[in-house]
Amino acid sequence: MSLTSNAIRFTATSNPEEVTAILTKPDNAFSILVLAHGAGAGMRHPFMEKVAHFLADERIAVFRFNFPYIEKQKKYPDPPAIAMKTVQSAVTAAQNYSKGLPLFAGGKSFGGRMTSQAAATGMLEAVKGIVFWGFPLHAPGKPSKERAVHLYEVKLPMLFLQGTHDTLADISLMRELGNQLGSKATLHEVEGGDHSFHVPKSGGKDDIVLKELCRTVRDWMKLNLD
C-alpha cells in the first residue's frame, strides 16, 4: 500500500479565517473521514496521528484539521457557531481531495459533538455518517443526557466508540441513548476503556485497542455505503 500525507490550508469561516489540515490517503482508499480533534489538543496530537495511520491501514483516508482557536494558540475552544462552520468548511475542502470517495465525518470528544451539531442543523449534506471517538455526554462525574438532545435531529447513521469507564459518558446512559436513537445509532464499547480508550489491563498496549476500533469503523462504513 502506498500512503501520501499532504498539508492543506482552507478557509474555516467567513471572517475569512484559514486553518491547517492534513490529508492522509492510502492509494487503495474506499472512503474518507473528516476527523475533528478534541478540545484540549490539535490535529497533531498523538491520538489523532495514530488514528489517521491506523485507519489508512484499513483503506480509509483521513482529512484532519485544526479549529481556529488551535491555529491562534488559544486555550479555550471556539464558540459552537464557529466550530460548526469550520466542520462544514472542512467537509467541503475534503470533497475537493476525495476524488469521489464516500465521505464520512466525526471526531474526538468535542470534535465529534461539533460535527453532530452541524449535521443536526443540515450543514453536512455530503456526509454519509458520523463517527464519535468518545462522545462527551456530560461533564466529568455529572451524569446527564442534555448534550445529546441534538442527536435526535441527526438523520445520518452514527457510530459511537465509547470506553465503559469514560468519566464523560456514563455507559448506562450511552446505552439508553443508543436505544432511543434506534437503528441509526451503533454503540461499540471498549471494556474498561477511559475517555481516550486507555485500558489499564491492556499492559500498555493502547495501540491494539485503537487498531481494533479502526477495524470497527471500517466495517461500519462498509455497511453504510449506498
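Predicted model: local features only at pLDDT ≥ 70, side-chain atom pairs only at ≥ 80, totals over all residues.
Residues are numbered from 1 along each chain as its sequence is written, and side-chain values use heavy atoms, with hydrogens and water left out.

Let's begin with the sheet. Eight strands form an open sheet, in the order 1-2-4-3-5-6-7-8, and the pairing is mixed. When I say strand or helix, I mean a DSSP run, E with at least two residues for strands, H or I with at least four for helices, numbered from the N terminus. And two strands pair if DSSP finds at least two bridges between them. At the edges sit strand 1 (3-13) and strand 8 (185-190), each pairing on one side only. On average, neighbouring strands here are turned by 20° against each other, direction ignored.

Now, strand 4, residues 60-65. Is it buried or exposed? Six of its six residues are buried, so strand 4 is largely enclosed by the rest of the structure. Buried means under 20% relative accessible area, exposed is over 50%, and partly exposed is in between, with a 1.4 Å probe and protein chains only. Ile 60, Val 62 and Arg 64 point one way, Ala 61, Phe 63 and Phe 65 the other, and all are buried.

What does strand 4 pair with? On one hand there's strand 2 (residues 17-26), antiparallel, over four bridges; Leu 23 has Phe 63 as its bridge partner. Then there's strand 3 (residues 31-36), parallel this time, over six bridges, with Ile 32 partnered by Ala 61. Strand 3, helix 1 (residues 46-57) and strand 4 also make a right-handed β-α-β unit. Right-handed here means that, with the strands pointing away from the viewer, the path from the first strand over the helix to the second runs clockwise.

Strand 3 also pairs with strand 5 (residues 103-108), in the parallel sense, over five bridges. By contact I mean heavy atoms within 4.5 Å.

So how do helix 3 (residues 80-98) and helix 4 (residues 110-120) meet? They pack at an angle of about 80°, with axes 9 Å apart. The axes are lines fitted to C-alpha atoms, for helices over the stretch in contact, and angles run from 0 to 180 degrees between N-to-C directions. The two helices are therefore roughly perpendicular, a label that covers 65 to 115 degrees, with under 35 being roughly parallel, over 145 roughly antiparallel and the rest oblique. Helix 3 brings Pro 80, Ala 83, Met 84 and Val 87, and helix 4 brings Phe 110, Met 114, Thr 115, Gln 117 and Ala 118.

After helix 4 comes Gly 122, with a positive phi near 80°.
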